[in-house]
Amino acid sequence: MDYSQTYIDLMIDSLKEKMNILDELLTLSKKQGECIRGKQADTPAYDELYQKKDQLIQALLDLDAGFEKMFQRVKEELDQDREAYKDQIILMQNLIRQLTDKSVSLQAVELRNKDAMEQYLKGERETIRQFHNNSRASDLYYQNMPNRTQQIPSFFYDEKK
């Protein structure tokens, strides 16, 4: 039995699975962007998508580790007999190129999401700052009002005595 061929087939399957995961990550990242960019940000949905993405990223890392282990097992065989595995090598190279393209697209979406999140947080900080300023002004007003009324004499005197 040719274990090298089996490992190569597993590597190809691993690359295809990584492609599916990257597609799903790209979809979830776009949905996250929609959650942030809406008139009213949907932070619970954003958090839920974040959790799903975290699981997919972990699966992607596991696939990477498995791919690397399999590659180390067949590397010598591939180097010695490139011609015998030419079709599989070309297929893997094409899949890796596609994965790289998807990774670049994913990074671009993530960068846009980061910018959108920074804008959202900036707006939220401004809202909180305005609330604190208004609260502080209100507190000062109510602290000073009793003192003001005691210091100002009444303009209406009853002079009929």
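Please bear in mind that the model is predicted.

Let us turn to helix α2, which covers residues 43–80, 38 residues in total. From its first C-alpha to its last, α2 reaches 54 Å, close to the 56 Å expected at 1.5 Å a residue. There is a bend of about 50° at V74. V74 is also one of the buried residues of α2, among them Y46, L49, K53 and F67.

I come now to the salt bridges, of which the model has six. K52 has 39% relative accessibility, so it counts as partly exposed. E48, at 47%, is partly exposed as well.

What is the partner of K53 in a salt bridge? It is E110, with the closest N and O atoms 2.3 Å apart. This pair links distant parts of the chain, since E110 belongs to helix α3 and K53 to helix α2, 57 residues apart. K53 is buried, at 6% relative accessibility, whereas E110 is partly exposed at 28%.

Finally, K102 and D23 meet in a salt bridge at 2.5 Å, N to O. K102 lies in α3 and D23 in α1, so the pair ties together parts 79 residues apart in sequence.

Terms used: Residues numbered from 1 in each chain as written. Predicted model: local features only at pLDDT ≥ 70, side-chain atom pairs only at ≥ 80, totals over all residues. Heavy atoms only, no water. Helix = DSSP H or I, 4+ residues; strand = E, 2+ residues; numbered from the N terminus. Expected span 1.5 Å × (residues − 1). Bend = angle between axes of the 7 residues up to and from the residue. Buried < 20%, exposed > 50% of the residue type's maximum accessible area, 1.4 Å probe, protein only. Salt bridge = Lys/Arg side-chain N within 4 Å of Asp/Glu carboxyl O.
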